[in-house]
There are 2 protein chains.
Amino acid sequence: MDDDTPPFFYVMNYASEAEGDVIDMVSGNPDWEPPEALREGLHEYADADTDAFQYPPSVGLRELREEIATRRGVDISQVVITNGAGEANHLAMAEGLDAMDGNEIILADPVYPYYDGRTNLLDAEKTLVPVDDDGHLDPAAVREHASAETAVIVVNSPNNPTGVTYGGDTVEELVDVAEEYDALLVSDEVYDHFDYSGRFTSALSIDSPNRVVTNSFSKSMAITGWRVGYAIFPREDRPDPYGGLVDSARTRHMLTNVAISRPAQTAVLQALRETGPEYYEQVRERMVERIDRFTAALEAAGADYTEPEGSFYVMARFPGTPGTMENIEMLIDEAGVAGMPGEAFGESRSDWMRFALVSPRVEEAAERLDEFF
Amino acid sequence: MDDDTPPFFYVMNYASEAEGDVIDMVSGNPDWEPPEALREGLHEYADADTDAFQYPPSVGLRELREEIATRRGVDISQVVITNGAGEANHLAMAEGLDAMDGNEIILADPVYPYYDGRTNLLDAEKTLVPVDDDGHLDPAAVREHASAETAVIVVNSPNNPTGVTYGGDTVEELVDVAEEYDALLVSDEVYDHFDYSGRFTSALSIDSPNRVVTNSFSKSMAITGWRVGYAIFPREDRPDPYGGLVDSARTRHMLTNVAISRPAQTAVLQALRETGPEYYEQVRERMVERIDRFTAALEAAGADYTEPEGSFYVMARFPGTPGTMENIEMLIDEAGVAGMPGEAFGESRSDWMRFALVSPRVEEAAERLDEFF
């Protein structure tokens with residue numbers, strides 16, 4: 001396993017090669033149905049004229065960018081369609097590092113492993129800011145670590161892996177830190193449809209040129225393998241270096257990916273237009289029910305655990321069994337439950353394990369863990 | 001128009017906003033039908049279980065990699081599925097630059113603008129080697145320009161824009177130059193199904209760790225907008241730095257794109273399995289017929305022109321009208337034909353214009369040009 005390789009694939013492979021029945025709670029892969037209009041959209045596209053099979057605009061299909069711009073209240077010129085939030089985050093981090101003074105990227109600890117890997121790939125200095133005991137990121141702690149060297153601050157709310165959702169005050173203060181140090185706040189909001197606290201605030205709601213918001217349809221439409229995401233950059237009429245970010249992002253995107261897969265873009269557009277709030281509400285309710293069942297079983301097992309305010313993840317801590325890769329392998333083999341090791345997300349939660357509630361068998365999983373411990 | 005932005009999108013926009021009827025010969029966008037199994041594959045995927053909608057392996061669907069490895073006679077571990085040949089070329093150039101000594105990338109002139117833009121994006125020194133009068137790249141000229149500073153040499157055969165196909169001797173000698181200077185030869189072979197000379201030789205046929213071959217299904221299956229390509233790296237058991245290239249390419253690919261759009265990968269796999277040689281033969285024959293009609297009309301018009309040995313492109317030169325962007329705009333407005341300016345491909349063919357034969361109206365286009373001049 002390479003140091004820069006997110007360990008998800010390693011654990012998934014290990015679990016799939018295990019002998020017994022294993023309940024898969026490794027990766028944030030939804031196990032529920034996508035919007036109906038998505039399947040319909042793909043069928044229609046499969047019958048389209050051949051010119052619909054050729055290069056879309058490099059920045060993305062115009063109608064999809066328009067739909068996103070309208071929903072997010074931004075100008076269409078700010079929107080770049082990307083190969084999932086993965087490319088969006090890479091693009092925003094790379095451009096922020098290029099355009100801002102300094103070579104430091106600030107991340108929260110626990111950290112989503114891809115942010116960490118990207119920081120290495122981009123040859124940036126990395127500063128990890130540990131979250132509070134309750135999993136929240138204290139903007140004052142970020143401010144303490146920030147300096148003239150800080151180019152980019154990456155945050156994620158609702159958060160993977162801690163399950164917290166940052167409130168408006170936190171987001172505002174994070175933007176304020178970015179402004180104070182001439183840095184770029186990259187706010188990854190892929191779980192925005194999975195906020196159970198009512199507290200979620202997009203960084204877009206704060207008027208500032210110092211923030212890029214990234215998102216995707218991977219989680220909200222249950223299609224992590226389709227790879228349609230987007231980044232919203234500062235308006236072009238903002239002073240440089242902020243106003244110039246979107247144009248250089250377009251260039252980098254064009255030269256690395258040329259354009260984004262059109263079958264997926266087309267079907268997502270149709271699903272975005274035709275899917276009402278009931279779909280998202282239903283999916284959210286199912287997740288809340290799973291959280292209740294899983295945490296109740298963990299409670300009965302006497303484990304420590306987090307109560308998610310958002311996202312798909314519960315972190316749990318079992319006495320005498322820290323969240324190492326070795327222990328994760330043991331639980332796969334001996335308890336038949338696959339989670340992620342806390343150590344994969346940095347130091348501050350290395351005692352914990354992360355379980356993704358993307359299986360109808362969450363209660364059974366918790367019972368297996370109970371029996372095992 | 002940004003210096004690093006390939007000018008295709010500019011010309012396509014200009015043509016689409018023109019008042020009269022314009023025959024579009026700008027970009028290499030096939031206007032013919034994809035294999036039937038491709039549409040079928042996409043329909044089947046649209047009805048698949050939800051787990052088929054989640055993250056595929058980062059390096060690509062295993063069955064697709066296997067199918068490619070078998071066809072190309074390489075080990076599956078050498079194959080990385082990419083977001084079209086665009087990402088494959090970016091990946092190979094970036095990894096070559098990282099792993100090899102030196103900071104220079106050698107390109108042929110005329111040059112496909114994306115290679116040029118990527119060289120700038122990667123902060124490499126660029127050396128352009130002019131092709132011969134007949135459009136062929138003389139390996140001796142590449143050898144003359146190569147030095148210890150050379151990290152990467154990018155070639156493309158069958159070639160865009162010159163339409164030449166390199167023979168086995170040329171390819172062998174280019175690999176030899178790469179070996180002599182410890183450089184990486186990146187051989188972009190996206191037009192391999194469009195060789196009319198019988199001379200096409202893949203760089204894979206030469207046993208060497210100094211070459212990466214890139215390709216895609218964009219042209220062979222008439223789906224430039226689907227974004228499924230691949231790179232074939234040296235075997236991992238080769239000595240470093242060559243043996244290590246594929247692993248660091250996998251990491252870079254994972255951290256920039258996570259994975260490639262699964263609907264497109266799945267349908268391409270089905271089409272690859274179920275499409276016989278007749279499909280490719282038919283498409284090739286249609287192209288040869290278009291070349292004949294277009295060049296005959298250019299001959300009648302008294303223009304200079306190239307006779308393609310491969311790819312989709314004819315370059316033409318009209319007296320007193322060099323291949324500038326200004327003249328391309330004039331031809332769009334006044335002759336109703338949209339091509340690409342030769343100056344977009346470097347200096348050595350700046351007198352010329354490039355016409356992509358991706359329209360059934362190629363003869364009419366040549367007649368319009370004839371009338372105009």
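Chains A and B share 35 residue pairs in polar contact, both residues at pLDDT 80 or more; a polar contact is a pair of N or O atoms within 3.5 Å, where within protein one must be able to donate a hydrogen and the other to accept it, and residues adjacent in sequence count only if both atoms are side-chain atoms. This is a predicted model, where local features need pLDDT of at least 70, side-chain atom pairs count only at pLDDT 80 or more, and totals for chains, interfaces and linings use all residues. Residues are numbered from 1 along each chain as its sequence is written, chains are lettered from A in the order in which they are written, and side-chain values use heavy atoms, leaving out hydrogens and water.

**Where the chains meet**
- Salt bridges between chain A and chain B come to zero (that would be a side-chain nitrogen of Lys or Arg within 4 Å of a carboxyl oxygen of Asp or Glu).
- On the side of chain A that touches chain B, α8(A) gives the largest share, seven residues (helices are DSSP runs of H or I, at least four residues, numbered from the N terminus).
- The contact (heavy atoms within 4.5 Å) takes 56 residues from chain A and 56 residues from chain B.
- The copies meet through the same surface, because 100% of the interface residues of chain A are also interface residues in chain B.

**How the copies are related**
- Rotate chain A by 180°, with 0.0 Å of shift along the axis, and it superposes on chain B with an RMSD of 0.0 Å (least squares on C-alpha atoms of residues with pLDDT of at least 70 in both).
- That is the relation of a two-fold axis.
- Among the residues of chain A, A:His43 comes closest to the rotation axis, at 2.7 Å (C-alpha).

Conventions. Helix = DSSP H or I, 4+ residues; strand = E, 2+ residues; numbered from the N terminus.
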